[in-house]
Amino acid sequence: MTTLLIRHATLLVTMDAQRREIPDGAVFIRDHVIEQVGPSDQLPAQADEVIDARGQVVIPGLVNTHHHMYQSLTRVVRPAQDCELFQWLRTLYPIWAGLTPEHAHVSTQTAMAELLLSGCTTSADHLYIYPNGVRLDDTLEAAREIGMRFHASRGSMSVGQSQGGLPPDRVVEREADILADTQRVIERWHDPARHAMQRVVVAPCSPFSVSRELMRDAALLARQHGVSLHTHLAENDNDIAYTRETFGCTPAEYAEQLGWVGPDVWHAHCVKLDEAGIALFARTGTGISHCPGSNMRLASGAAPIRAMRDAGVKVSLAVDGSASNDSGHMLDEARLALLLQRVSHGPLKGPTAMTAREVLEIATLGGAQVLNRDDIGALAPGMSADLVTFPLDTIGLAGAHHDPLAALFFCHVPRVQHSIVHGRVVVRDGVLATVDLPRLIERHNRLATALVEA
């Protein structure tokens, strides 16, 4: 057994049941599990490895619950820069049709590197396009190499333009093939154990790209194997109109009809979720991924997070796809969430619409709840050893040491100092320790250029 000690943190933010914030705090880790948390003078002074966190804030690793990592290859593609969701997708589908297994592997590691350097230790990803031999396995293998805790969603599209769907016919799959491959990856990769590093999620893409039958059968398959369900829902006005015109109901009603509510389900976006939908999600324990950056970038609107939280809906945070944000900086996404709720509510509720500590809860414990995990999101004995440290001696935090925790969300913060995932130091002194980042970026840029030019 190996031990790791992080000590003398200027502030250790636990997010435990008491929400302790410990000055001169320390965390003692054995293998991949936290064993002790408290003031530095009350914990062991020795370990196999000791990290001095003076001048740093230590928080639980952030949890990103919705991403499309392959989209890091198509950031700011000019024709798609100023489109709403449906036109944006129509513009990019033909480019994504050129994806290969190498694209999937490299883009996954690039996206994960960005997340790890911005405070995220657990991420979900939603891969729903599988041309040219691409498999979900390509992303799972990439995650295992870089060292991120990963929930890989086996997405799918089955209704092409000829059947009234949005995607071109050449990028959709046969539904029988989708279900068979989904079962294969669950049996090959899914780990239901506590502290699992990799899990598989069943995730048909959206109401406008799959059939009702696939949504229903996917839910049955997921529950047969005890895995979670994920999809897009109620993202913008066109999304609402499509569901009403095609299925004769609201997105929330559509989800309920097909078995897509419950504590094992979470939906991305929900910008346009109505009051009845909010009440349904609260009543059934259904979660959502809030993607403020993407929702602003595509002019979809601001999700009613305050109303959702007040109603008891499980709310998590996500960066969404790298081509609709176009950033994968998790801490910055939390800052956007904080500020967007304030401006959305205007002077009536003002700053009380969202606080720094509430947005940290959404980005940690909220993510854990949505992913159905009780082992991440907080620093406490028995929890997975996932934590990050941020330096306080940067220009963006000068003058902000009155409340170091709030400074992370109100001020500009650089990349993490250290990132520890499953007890392993993945980022050390601001440098990614598991892959050669400059080489990865060069390879990624070369592939991105060739993909778009093709």
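**Exercise 1. Is H290 buried or exposed, and what is its relative accessible area?**

The structure is a predicted model, in which local features need pLDDT of at least 70, side-chain atom pairs count only at pLDDT 80 or more, and totals for chains, interfaces and linings use all residues. Residues are numbered from 1 along each chain as its sequence is written, and side-chain values use heavy atoms, with hydrogens and water left out.

*Step 1.* Apply the cut-offs: buried means under 20% relative accessible area, exposed over 50%, and partly exposed in between (1.4 Å probe, protein chains only).

*Step 2.* H290 has a relative accessible area of 2%, so it is buried.

*Step 3.* Helices (H or I, at least four residues) and strands (E, at least two) are DSSP runs, numbered from the N terminus.

*Step 4.* List its surroundings, where contact means heavy atoms within 4.5 Å. Neighbours within four places in sequence aside, the residues in contact with H290 include N295, A303, I305, V315 and Q341.

**Exercise 2. Describe the overall dimensions of the chain.**

*Step 1.* Count the elements: the chain has 14 helices and 17 strands.

*Step 2.* Compare the radius of gyration, taken over C-alpha atoms, with the globule rule, which is 2.2 Å times the number of residues to the power 0.38. The chain gives 21 Å, close to the 22 Å of the rule for 454 residues, so it is as compact as a globular protein of that length.

*Step 3.* Along the principal axes, the C-alpha trace spans about 65 × 50 × 45 Å.

*Step 4.* Of the 454 residues, 62% count as buried. Among contacts between residues at least 6 apart in sequence, 75% join residues at least 24 apart.

**Exercise 3. Locate the largest nonpolar core and examine W88 within it.**

*Step 1.* A nonpolar core is a set of buried Ala, Val, Leu, Ile, Met, Phe, Trp, Tyr and Cys residues joined through side-chain atoms within 4.5 Å.

*Step 2.* The largest such core has 146 residues, and I59, W88, W96 and F409 have the most contacts inside it. Helix α1 (residues 85-96) supplies the largest share, 8 residues.

*Step 3.* Beyond four places in sequence, W88 touches residues including Q71, W96, R297 and A323.

**Exercise 4. Characterise the aromatic pair of Y93 and W96.**

*Step 1.* Rings of Phe, Tyr and Trp (its six-membered ring) pair if their centres lie within 6.5 Å; planes under 30 degrees apart count as stacked, over 60 as edge-to-face and the rest as tilted.

*Step 2.* The whole structure holds 8 aromatic pairs. In one of them, Y93 and W96 are 6.0 Å apart centre to centre with 85 degrees between the planes, which is edge-to-face.

*Step 3.* Both residues lie in helix α1, 3 residues apart, about one turn of the helix. Y93 counts as buried because its relative accessibility is 1%, and W96 is buried at 0%.

*Step 4.* Ring pairs link Y93 and W96 with Y70, W88 and Y128 into a cluster.

**Exercise 5. Identify the strands that pair with strand β5.**

*Step 1.* Two strands pair if DSSP finds at least two bridges between them.

*Step 2.* Strand β1 (residues 3-13) runs parallel to β5 and is joined to it by 2 bridges. Strand β14 (residues 387-391) runs antiparallel to β5, with 5 bridges.

*Step 3.* V57 of β5 is the bridge partner of L11, and its bridge partner in β14 is F390.

*Step 4.* Check the covering of β5 (residues 56-60): 5 of its 5 residues are buried.
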